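Here are a few exercises to work through with the model open in your viewer. Try each one before you read its solution.

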Amino acid sequence: MPAQEETLNRILQLAAERFQIPRGQLSGDDDFFEKLGINSLQALDLLTQLENHFSIELPDYELQGVTDFRTLAERVDSRL
Amino acid sequence: MSSFQGKTLSFSLADEVFELRLHRQPCNEIGSLALKELEGFVRTLEEQAVRAKALVVHSSMEAGFSAGADLRELYFGLQSLGKAERNAGVRDFLERIHRVFNRIDQVPLTTVAAVHGVVFGGGFELALTCDMIVADRTARFCFPELRLGLIPGFGGIPRLKRDLGNALVRDLLLTGRSINAGKAAAAGLVSQLVGPGHALRAARGIATQATKFDSRAAREAKRFIKPIPHLELEREIETFCALFDRPEVEAALLKFVESSQVQPYLP
């Protein structure tokens, strides 16, 4: 599996667990605000989960305008 | 009176430990009522300090410790006022919150902020008044004020400078980004890092440890290591007030309050 797909899958798994949504209902092109039903505070919570899981630091301004899991995975990959 | 149940916060004193619990929905925004209740808290804290050796500050709100100043109240509260009254109102609020924070900062007890989730703006500034910050891994620290055309106004810059290297202070202030608890611990801002949901337990452990020590020695140790940067704090109020009195800030506040998000915290 290419690295970016692996990152995406791990993000989808983490998001599913954190926000209690079946993993099968999430895909890379989903708008995570809409699909997870989260606000910006909860998005920061997701960011913290990602930083802790991947042992990275991802400045929140780099997520400006990012709403889909695939682009989020690209941002995470750029910090690995 | 050594216990109080308010609308935004509650406090109690037991076994020589004060506990201040923040509980205003959604995330302990600090507005006029919170300020009034904080003023009541510091009065009791000072009156009863001889009966205590430690203070723990924490939040029972799921979203976090505190999202900072109540910007909605600030914006809407000022709309009906003229320019001079508006500026005077902001200055009065800042001077009152500085008095409260300075008194918590210098109270002769060992003070611990137990934080989780959102620790933003004024909430971050409240945590910085404490001798120690214990954070669980969900905590995020941020000074978002530059997004509004402002600087932190509740003592944030001088107190952050007191605790951290200037490079990270500049990064936080000038990017407005948030950092997680691990980064904050690595930088020396957080003294104990714990798993999700364990910050209060760890903070109570510190408080219990503090009750074992001689009050005078603890007080002298604190006085030795934790000076209050009064001149910079006063300068911060002046700078904030000068920045506040601009149309750019009013436009930024309007954008914030009109956001359809529950709280628009992403930059």
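**Exercise 1.** Which residue in E9(B) is the bridge partner of B:Val119?

*Solution.* Keep in mind that this is a predicted model. Start with the two strands: E7 (residues 118–120) and E9 (residues 140–142) of chain B pair in the parallel sense, over three bridges. Now go to B:Val119 and look across; its bridge partner is B:Phe141. Then zoom out: the open sheet here has four strands in the order E5-E7-E9-E10 (chain B), with mixed pairing. Strands E5 (64–66) and E10 (178–180) of chain B are the edges, each pairing on one side only. From one strand to the next, the twist averages 20°.

**Exercise 2.** Find which helix of chain A lies across E7, E9 and E10 of chain B.

*Solution.* That's H3 (residues 40–54) of chain A, running at about 45° to E10(B). For the contact as a whole, chain A puts in 15 residues and chain B 20 residues. Sort the chain A side by class and you get six nonpolar, five polar and four charged residues.

**Exercise 3.** Is strand E4 (residues 54–59) of chain B mostly covered or uncovered?

*Solution.* Mostly covered: six of its six residues are buried. Next, check the pairing. Strand E3 (residues 17–22) of chain B runs parallel to E4(B), joined by six bridges, with B:Val17 partnered by B:Ala54. The chain gets from E3(B) to E4(B) through helix H1 (residues 32–48) of chain B, in a right-handed β-α-β crossover. E4(B) also pairs in the parallel sense with E6 (residues 110–115) of chain B, over four bridges, and there B:Leu55 stands opposite B:Thr111.

Conventions
Residues numbered from 1 in each chain as written. Chains lettered and ligands numbered in written order. Predicted model: local features only at pLDDT ≥ 70, side-chain atom pairs only at ≥ 80, totals over all residues. Contact = placed C-beta atoms within 7 Å. Nonpolar A, V, L, I, M, F, W, Y, C, P; charged D, E, K, R; others polar. Pairing = 2+ DSSP bridges. Axes fitted to C-alpha atoms, helices over the stretch in contact; angles between N-to-C directions. Buried ≥ 20, exposed ≤ 12 C-beta atoms within 10 Å, placed from the backbone. Right-handed = clockwise from strand over helix to strand, strands pointing away.
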